[in-house]
Amino acid sequence: MRISFFSFLTLLLIISVACTPKTQDIAKVNPAAVVDLPDKIEKIVKTEKEWKSQLSEQEYYVIRDKGTERPHTGELLNIKDAGVYTCKACGLPLFSSDTKYESGTGWPSYYEPIKKEYIKEDTDYDLGYARTEVMCARCEGHLGHVFNDGPKPTGLRYCINSVSLGFDKAEKSDDQP
Ligand SMILES: [Zn+2]
């Protein structure tokens with residue numbers, strides 16, 4: 001039952017993406033980072049008590065309580081190494097270093113997720129106006145927000161709390177031509 005409901009949601013997502021113009025660039029994903037990643041993911045559900053024991057106080061505040069870390073404090077903000085940024089809570093690969101850029105906001109910023117299916121969006125009004133919250137689609141951990149003032153090719157800015165992310169540095173290999 002749960003699986004069929006999820007399939008239905010996925011279908012809705014596919015339809016909405018297919019029907020929205022201008023998504024071609026947005027839907028385009030970085031091929032280097034998407035090797036063997038399935039579109040469908042099993043949800044991870046834990047009690048708040050379990051999350052609390054797994055996460056640090058600061059991680060819990062941001063990831064589960066939808067808090068925001070202070071700008072310019074994140075450990076991953078200035079990392080420029082090649083690699084994959086993962087969900088700190090469940091390890092799902094979320095962003096590639098290829099799409100990271102310096103936004104000047106003080107938070108790690110990306111113009112595109114590794115897979116759109118791995119990001120869940122919701123609208124929040126915490127600041128009195130509508131913003132699009134982004135979460136990990138697998139564990140629903142809070143990541144940050146997405147805005148429409150990003151660079152090409154998507155025009156999107158995924159403004160992400162460093163504390164919500166882990167980083168898997170790529171194995172050193174020959175640079176691609
Ligand atoms: Zn997650």
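**Terms and their grounds**

Reply: Start with the range of the contacts. This is a predicted model. Among contacts between residues at least 6 apart in sequence, 60% join residues at least 24 apart.

Me: What makes two residues a contact here?

Reply: Their C-beta atoms must lie within 7 Å. Take Tyr-158. Leaving out residues up to four places away in sequence, Tyr-158 touches Phe-95, Ser-109, Tyr-110, Pro-113, Val-134, Gly-144 and Val-146.

Me: What is the secondary structure of the chain?

Reply: There are four helices and nine strands. The pattern along the sequence is α-α-α-α-β-β-β-β-β-β-β-β-β.

Me: Why is Glu-112 called buried?

Reply: Count its neighbours. A buried residue needs 20 or more other C-beta atoms within 10 Å. Glu-112 has 24, so Glu-112 counts as buried. Glu-112 sits in the loop between strand 4 (109-110) and strand 5. Its C-alpha atom is 9.3 Å from that of Asp-98, 14 residues apart along the chain.

Me: Why is Lys-80 called exposed?

Reply: The cut-off for exposed is 12 or fewer. Lys-80 has 8 C-beta neighbours inside 10 Å, so Lys-80 counts as exposed. Lys-80 belongs to the loop between helix 4 and strand 1. The C-alpha atoms of Lys-80 and Lys-169 are 9.9 Å apart, and the two are 89 residues apart along the chain.

Me: What share of the chain is buried?

Reply: Buried residues make up 29% of the 177 residues.

Me: What makes a set of residues a nonpolar core?

Reply: Its members are buried, come from a list of residue types such as Leu, Phe, Tyr and Cys, and are joined through C-beta atoms within 7 Å. The largest core here has 27 residues. Those with the most contacts inside it are Cys-87, Leu-94, Phe-95, Cys-136, Tyr-158 and Ile-160. Among the elements that each supply at least two of its residues are helix 4 (57-63), strand 1 (83-87) and strand 8 (157-160).

Me: How do you know that strand 6 and strand 7 pair?

Reply: Two strands pair if there are at least two bridges between them. Strand 6 and strand 7 have four bridges, in the antiparallel sense. Glu-133 stands opposite His-145 in strand 7. The pair belongs to an open sheet of six strands, in the order 3-4-8-7-6-5. Strand 3 (100-101) and strand 5 (119-124) are its edge strands, each pairing on one side only.

Me: How do you know that strand 1 pairs with strand 2 and with strand 9?

Reply: Use the cut-off of at least two bridges again. Strand 1 and strand 2 have three, antiparallel. Strand 1 and strand 9 have five, antiparallel too. Thr-86 stands opposite Pro-93 in strand 2, and the bridge partner of Thr-86 in strand 9 is Gly-166. In the hairpin of strand 1 and strand 2, five residues lie between the strands, and Gly-91 takes a positive phi near 85°.

Me: Why do strand 2 and strand 9 stand at the edges?

Reply: Look at the order of this open sheet of three strands: 2-1-9. Strand 2 and strand 9 (165-169) each have a single partner strand, so one side of each is left without a neighbour in the sheet. Neighbouring strands of this sheet are turned by 30° against each other on average, direction ignored.

Technical notes:
Residues are numbered from 1 along each chain as its sequence is written. This is a predicted model: local features need pLDDT of at least 70, side-chain atom pairs count only at pLDDT 80 or more; totals for chains, interfaces and linings use all residues. Axes are lines fitted to C-alpha atoms, for helices over the stretch in contact, and angles run from 0 to 180 degrees between N-to-C directions.
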